[in-house]
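Let's take a quick tour of charged pairs and a greasy spot on a protein surface. Have the structure open and follow along.

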Amino acid sequence: MPAKDELARRRYEKLVERLESLMRGALKPEYEGYYGQLILGADDLAEMGELKDVRRAAREAGRRLDWKTTTHLVDGRLFVLDEREVPERIERLAGDAAAAAMDRFWEESRRPRLT
């Protein structure tokens, strides 16, 4: 029986490492580790195993990244979010980036389309 426990432990550790890598990869360097999020679709979840195990592994991966991790299941997708309080300078930077993206969208939507 101990061999089965060891296998389960190694499988769980691999899942934590995979999720940590995905979470780290989703971070924007300019936000210095804040505004972390990962969205796993139904196919990803099915591949990773039971939902309770994926959630537990995501929280462990978040702890490794110093996140205040929460998970939310919405329409078959698992949202893994960092809910730490964001420093004001990072919040301003993210707000400016969002405003610039909205400005670009408005400019592009007003241009005549060549079809």
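A search through this whole predicted model turns up 12 salt bridges. Side chains of opposite charge can pair when their charged atoms come close. Here are some of those pairs, plus a nonpolar patch.

**Bridges between helices**
- Glu-47 and Arg-18 join their side chains in a salt bridge, at 3.0 Å from N to O.
- That pair links distant parts of the chain, 29 residues apart: Glu-47 sits in helix H2 (residues 42–48) and Arg-18 in helix H1 (residues 2–25).
- Glu-47 is exposed, at 55% relative accessible area, while Arg-18 is partly exposed, at 33%.
- Arg-64 pairs up with Glu-20 in another salt bridge, and their closest N and O atoms are 3.4 Å apart.
- Arg-64 belongs to helix H3 (residues 51–64) and Glu-20 to helix H1, so this bridge ties together parts 44 residues apart in sequence.
- Glu-20 is buried, because its relative accessible area of 14% is under 20%, whereas Arg-64 is partly exposed at 32%.

- Lys-52 is exposed, with 55% relative accessible area, and Asp-53 is partly exposed, with 23%.
- Shared partners connect salt bridges into one network of Glu-13, Glu-20, Arg-24, Glu-60, Arg-63 and Arg-64.

**The nonpolar patch**
- Met-102, Phe-105 and Trp-106 make up a nonpolar patch on the surface, with about 390 Å² of accessible area together.
- Met-102 is found in helix H4 (residues 88–110).
- Met-102 counts as exposed because its relative accessibility of 52% is over 50%.

How values were computed. Residues numbered from 1 in each chain as written. Predicted model: local features only at pLDDT ≥ 70, side-chain atom pairs only at ≥ 80, totals over all residues. Heavy atoms only, no water. Patch = residues over 30% accessible without salt bridge, like charges linked within 9 Å, V, L, I, M, F, W, Y side chains within 5 Å. Areas by Shrake-Rupley, 256 points an atom, 1.4 Å probe, with all protein chains shown as cover. Salt bridge = Lys/Arg side-chain N within 4 Å of Asp/Glu carboxyl O. Helix = DSSP H or I, 4+ residues; strand = E, 2+ residues; numbered from the N terminus. Buried < 20%, exposed > 50% of the residue type's maximum accessible area, 1.4 Å probe, protein only.
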